[in-house]
Every structure is written in C-alpha cells, then in structure tokens.
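Please read this report alongside the model that follows. It takes up one loop, then the ring pairs, the charged pairs, the surface and the chain as a whole.

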Amino acid sequence: MAIVRVAEDVEAGVVGAGGGGAGGEVTEPLLRRCGKEEEAEPKIRDEAEASECGSQGRLQADDGGSLRMVLVSTAVAVCGSFEFGTCVGYSAPTQSGIIDEVGLSISESAIMLYFGRILLGFSTGVLSYVLLICSGSSATYIIGALVAWRNLVLVGLVPCVLLLGGLFFIPESPRWLEYIESLRSFPKARLEDLLLSKNIIAVIVGVGLMVFQQLGGINGVGFYASYIFSSAGFSGKLGTILIGIIQIPITLFGAILMDRSGRRVLLMVSASGTFLGCFLTGISFFLKAQGLFPEWVPTLALSGILVYIGAYSIGMGPVPWVVMSEIFSINMKAIGGSLVTLVSWLGSFAISYSFSFLMDWSSAGTFFLFSAASLVTILFVAKLVPETKGRTLEQIQDSLNSRR
C-alpha cells in the first residue's frame, strides 16, 4: 500500500526532489524507481487479491462449519423435546393394555411405573422450554395404536440416546453465555422478589395462564384420549391416530399466526375453541347417559375432542410458554420461569390424577367443567394479559404496570 501511495503522489506532482514538499520537480532517480515499482505493482495487487480471495474462502468455510454446528445443536436439543412429547403421549394409547395386563385399578400403578414416571417428570421438566413436543406426542399417539405398550417404550429410547450422545459434541450457545454475563450486572433475584409490586402482575399473568391451561383439561384429554373415545363408543385406536395426524400441522399454523395476529387474540380464539370442543364432548356424554340419539354420541365425541385438540394446539398450548418468557425482567426470568413451570406441572398432576375419578362421577359434568374453565380463561386474557408481540421488554413492563 505504501508503493501505491507513492505512485499516486508522483502522478499528482506532490513529491519533490528531496522526496518531500509540494509542487516540486520529480527527479530522474525517483522516476526510475517508480517505474520499477509500477512494474512490480500488478504482481503485488495479484498477490493481495489472491490473499483476499483466500480469506473469503476461509470465511465461507467457517460460515459453513458454523451453520453445520447450529443445525447439529438444534437437532440434539429437539431430541429432548421429542422425548418429552413421547412421555406426554405415552399413556393415551397404552392405558387399557397396561390395566388389563398388569391388573391395575383406576388409582393404582405398579411401583416401577411410579418410579419411571417420577424420573421422566424430573427430566422433561427441564425441557419444558424447548419445541417439537407436539411432534413427539403425535408420533406416540400414532405408533402406540399399532404396537404393544411395552414396545412403545422403545420408541422413547431413541431420542434419549441421540440426545445423550449429542450433548458431548455441541457447544454452549453464545446467546446463553451473553445472558449469563449480563446477569452479573443485576442484583441476585430472590423468591420473595416475585411479590414486589413491579413483578407481581407478571407473576399473576404467568401463573394464571398455566393454571387455566391445566383447568381446561388438556392432560385429562391428552392422557386418556383412548379411554374417552372408547367410552363414547368410538374406536380408541383410530381416535388417537386422528389426534396425532392433526396436531403437527395445526401447531405449525399456530406458530405462523403467533407473530401475525398477536398473543392475546390467539389465546382468546384458542380458549373459545377449547370451550366448544369440551361442550360438544359433554353433550355427547349427556346424550349417552340419557339414552338419547345414540347414533350421534360417537360423532359428537370425536368432533368435540378433535376441535379441542386443534384449538389447544393453536394457542393455549404454546402461547402461555411464549408469554411467560417475555413478561419477566431479565434478572427475574429464571426464578419466575421456574415458578410458572412448577405450577404447570402441579396442575398437570392434579388434572391427570383426578380425571378418571371425575369421569366416574359424571362424564358429561367433567367436560362441562372444562368448558367453563375455558370461558373464564377468555375473561382472564382480556382483562390481564398484555400483548407482547413486537414489543420491547420495557414496553411490556409498562403495560403490566398499567394493569395494577
């Protein structure tokens, strides 16, 4: 580059006899030197261009390697959520087989089943933030209708092995490392800080959404789908296969709508759909109990459950988790998210354990209760849940504070 600058100075006539000054004569030796350097200049430029091309090639190679690592890391992460989905969907197609072969009552389970479910609950709780859960549950619904319940366990082992092996080859994400670094500038969050006036509305919104998500009956419907269909006179295996087929495309459709229509609208539309689905299912069991229009009972039950699953998958399933991740301030995200997740799983346990007893009490009444919870959900979202789409954390916090 120094040679290029000297040549430009010569052409502009700014280099004098002594090599400095402005507007002087250009000396013969300098011209001769410049002539030789000008001859060498194309070679130097060629070398520079070659070096630049080599750098670009290395950058492209690095970019390709980074992309591969991102894809591998993502694939490993979603193996965990796929495994989560297989755990969620396991009991629906296997319940009748387990009860018949092991000889269990409604409230029993074998000790090893208890132990296994506790381990699965602990492990999948860590994966609650990750996507692809719906795909895992759909695959389990479909495969579980075709294989024995003991063989279905093997389906869940495949993503476990891939996840465990893949974790040795993926790095910590830069975003996570930046997040850890940024937390050092904030005071350490304590559990009692959640009760402060600046945080309490976020806690009410996050916890409330999870409570209403569970009161809507998703784990009762999801865990006992085959039993519900059979009780209504429809094929349990065919019913769970149909659930598995509709879940994935509807969830993808909901993901597209989430950033277009907004969180609040999607939640209210979804809760309206879960209300309709539970109400139709309740009507089907009411007709069955009264001995009215028996030919309508299976169709109403199937329609109600499919409407319910579709409506839940489009909003009440994924959106509460998205909103939860957006409403807490940076230093409260970990402790706030942990509390919300704990409430979700406590609700899941309560609904899934009590569902069989509720169905023995009144099948129609069970679904009417779920439909009533969906109506209250609409009011809760309309009154308290802020819109978080396209808004900064500061704007979301201001919106929450205005609802005190």
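Phe293 sits in the loop between α12 and α13 (297–316). Helices (H or I, at least four residues) and strands (E, at least two) are DSSP runs, numbered from the N terminus. Phe293 is not a glycine, yet its phi is positive, at about 45°. The relative accessible area of Phe293 is 44%, so this residue is partly exposed. Here buried means under 20% relative accessible area, exposed over 50%, and partly exposed in between (1.4 Å probe, protein chains only).

This is a predicted model, in which local features need pLDDT of at least 70 and side-chain atom pairs count only at pLDDT 80 or more, while totals for chains, interfaces and linings use all residues. Residues are numbered from 1 along each chain as its sequence is written, and side-chain values use heavy atoms, with hydrogens and water left out.

## Aromatic pairs

A pair of aromatic rings is described by the distance of the centres and the angle of the planes. Rings of Phe, Tyr and Trp (its six-membered ring) pair if their centres lie within 6.5 Å; planes under 30 degrees apart count as stacked, over 60 as edge-to-face and the rest as tilted. Across the whole structure, 13 aromatic pairs are found. One of them is the tilted pair of Phe279 and Phe368, with 5.6 Å from centre to centre and 50° between the planes. This pair links distant parts of the chain, since Phe279 belongs to helix α12 (residues 263–290) and Phe368 to helix α16 (residues 363–384), 89 residues apart. Phe279 is partly exposed at 35% relative accessibility, and Phe368 is partly exposed at 27%.

How are the rings of Phe293 and Trp296 arranged? Their centres are 4.8 Å apart and their planes meet at 15°, so the pair is stacked. Trp296 has 47% relative accessibility and counts as partly exposed. Elsewhere, ring pairs link Tyr224, Phe285, Phe355, Phe367 and Phe370 into a cluster.

## Salt bridges

The structure holds 3 salt bridges, each a side-chain nitrogen of Lys or Arg within 4 Å of a carboxyl oxygen of Asp or Glu. Glu326 and Arg263 form one of them, with their closest N and O atoms 2.7 Å apart.

Arg190 takes part in a salt bridge with Glu192, where the closest N and O atoms are 3.6 Å apart. Arg190 also meets Asp193 in a salt bridge, at 3.2 Å from N to O. Through shared partners, Arg190, Glu192 and Asp193 are joined into one network. Asp193 has a relative accessible area of 10% and is buried.

## A nonpolar surface patch

Met112, Phe115 and Leu119 make up a nonpolar patch on the surface, with about 350 Å² of accessible area together. Patches are made of residues with over 30% relative accessible area and no salt bridge: like charges are joined within 9 Å, nonpolar side chains (Val, Leu, Ile, Met, Phe, Trp, Tyr) within 5 Å. Met112 is part of helix α4 (residues 111–126). With 65% relative accessibility, Met112 counts as exposed.

## The chain and its annotated spans

The protein chain has 17 helices and 0 strands. Of its 404 residues, 40% are buried. Among contacts (heavy atoms within 4.5 Å) between residues at least 6 apart in sequence, 81% join residues at least 24 apart. The accessible surface of the chain is about 21,800 Å², and 68% of this belongs to carbon and sulfur atoms. Accessible areas come from the Shrake-Rupley method with a 1.4 Å probe; for residues, only the protein chains shown count as cover.

An unreviewed UniProt entry carries the annotation "transmembrane region" for several spans, including residues 118–143, 265–287 and 361–382. UniProt positions are given in the numbering used here, feature names are shortened, and annotations may be inferred rather than shown by experiment. In the model, residues 265–287 are 100% helix and 0% strand, with end C-alpha atoms 33 Å apart. Residues 361–382 are 95% helix and 0% strand, and their end C-alpha atoms lie 33 Å apart.
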